[in-house]
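The structure is shown first, and the text follows.

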Amino acid sequence: MSRRPIRVLHVVKGLGRGGAETLLRNMAREWDPSDVCMSVAYFLPQKSQLVDEIESAGAEVTLIHRRRLQWVHAVGALRTHIQQRQIDLIHCHLPASAVVGRIAGRTTNTPVVYTQHGPLEHSNRYSQIMNLRTWRYQDHVIAVSPEVEGSVAQYAPIGPPVTLVQNGIPTDWFAPDAARRAQMRRRLGLAESDVLVGTVAVFRPQKRLDLWLDAAARLRTKHPKVRFVIVGAGPLEAELEARAHELGLDQTLSFVGLQEDVRPYLDAMDLYLMTSDFEGLPIALLEAMSMAVPPVCTSVGGIPDVLADGASGVLCSPGDIPGLVAAVGSLIDDEARRSEIGALARRRVEESHGLGVMLNELEDVYRLVLERVGVGAGAASPQLGGRA
């Protein structure tokens with residue numbers, strides 16, 4: 001049976017370079033418009049770094065205007081947008097925008113799917129309250145990791161079905177390149193023998209980049225050839241730069257800011273270090289693994305489901321700086337082991353976290369929801385797991 005494309009509107013708070021937002025960029029690049037006609041609506045004009053990239057991929061992007069701190073005005077504008085574009089299904093991301101999307105969906109009789117990108121309990125108190133108060137105004141929930149799935153079961157046990165769809169990335173795009181590596185290492189002023197430890201992150205408290213810097217300072221005293229790079233920006237930027245200066249890292253650490261293309265920096269890295277207190281399933285980690293950069297990470301969120309400790313990476317307890325330092329230190333002096341872990345990391349992502357796998361699973365959810373609510377957007381899809 002032939003089926004027409006599903007008109008899906010993704011609703012997100014902003015389009016800065018965060019994990020959920022990067023997912024939308026990747027979806028727009030890879031989704032076959034004959035299957036899913038994707039568009040995006042966002043609310044924060046100052047968070048717009050990915051707008052051009054999403055539009056260049058062929059997806060319409062719309063800034064939904066609102067008055068400051070008055071989300072009720074955003075509901076009306078979004079409702080009008082949904083009706084004008086004849087949207088089949090709304091897919092919301094992150095709590096604040098999900099509240100607006102759910103209400104707009106309910107008042108336009110448009111089904112709503114919501115992705116919970118991290119554990120519910122780690123949202124701020126106001127977001128938690130509004131998220132749970134509007135939880136019933138949606139038709140299906142996506143959890144990005146088993147831990148997130150468990151969090152939903154604990155904090156929102158009565159509600160729509162939940163399906164586990166783990167994040168995916170375009171592994172052909174995130175592939176190591178020796179020439180690009182050599183060029184970036186020259187730009188960073190690295191000697192051939194230097195070992196570069198890096199990370200890509202939004203500078204938020206959950207990432208615990210303060211601990212990352214503490215680990216870097218300890219590593220530097222023991223391993224003179226180690227160098228560091230942090231890619232990203234965020235609200236803690238000034239504080240972290242001041243802390244790095246206090247720790248004497250000025251000559252060995254580069255803050256390179258937000259980057260449109262992180263691949264050259266990942267290519268230049270010899271080790272990828274994450275010190276987060278909590279996560280969903282971090283896109284930046286998947287990208288690093290796909291680039292064959294061996295990861296050392298805290299064992300939080302969906303990370304243990306992706307990274308096999310001792311094989312495709314090394315796991316440590318959150319806050320365990322001595323453990324992280326020991327793990328990184330053991331790999332600094334073992335190039336062969338780094339290469340082995342990096343190869344296994346890439347294989348793991350290729351096999352289980354390719355973008356195509358994620359898109360197929362999402363489309364199955366979309367078609368199931370539309371079939372369940374009686375919207376004719378295509379042929380029936382297989383029954384998915386979840387909670388009633």
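Which side chains meet in a salt bridge at 2.7 Å, N to O? They are those of Glu53 and Arg25.

## Basis of the description

The model is predicted, so local features need pLDDT of at least 70 and side-chain atom pairs count only at pLDDT 80 or more, while totals for chains, interfaces and linings use all residues. Residues are numbered from 1 along each chain as its sequence is written, and side-chain values use heavy atoms, with hydrogens and water left out.

## Salt bridges

A salt bridge here is a side-chain nitrogen of Lys or Arg within 4 Å of a carboxyl oxygen of Asp or Glu. The whole structure contains 18 salt bridges by this search. In the pair of Glu53 and Arg25, Glu53 belongs to helix H2 (residues 51-56) and Arg25 to helix H1 (residues 19-30), which places the partners 28 residues apart in distant parts of the chain. Helices (H or I, at least four residues) and strands (E, at least two) are DSSP runs, numbered from the N terminus. Both Glu53 and Arg25 are buried, where buried means under 20% relative accessible area, exposed over 50%, and partly exposed in between (1.4 Å probe, protein chains only). A network of salt bridges links Arg17, Arg25, Arg29 and Glu53.

A second salt bridge joins Asp277 and Arg208, with 3.2 Å between the closest N and O atoms. Asp277 sits in the loop between S11 and helix H11 (283-290) and Arg208 in the loop between S8 and helix H8 (209-222), so this pair ties together parts that are 69 residues apart in sequence. Asp277 is partly exposed because its relative accessibility is 34%; Arg208 is partly exposed at 23%.

Glu246 and Arg243 form a salt bridge with the closest N and O atoms 3.4 Å apart. Both residues lie in helix H9 (residues 237-246), 3 residues apart, about one turn of the helix. Glu246 is exposed at 59% relative accessible area, and Arg243 is partly exposed at 31%.

## The parallel sheet

Six strands form an open sheet in the order S10-S9-S8-S11-S12-S13, with parallel pairing. Strands pair if DSSP finds at least two bridges between them. Strand S10 (253-257) and strand S13 (314-316) are the edge strands, each pairing on one side only. Strand S9 (residues 226-231) pairs with S10 over 4 bridges in the parallel sense, and Ile230 stands opposite Phe255 in S10.

Helix H13 (residues 321-332) packs on the sheet, touching S8, S9, S11, S12 and S13, where contact means heavy atoms within 4.5 Å. The direction of H13 makes about 175° with that of S12; axes are lines fitted to C-alpha atoms, for helices over the stretch in contact, and angles run from 0 to 180 degrees between N-to-C directions.
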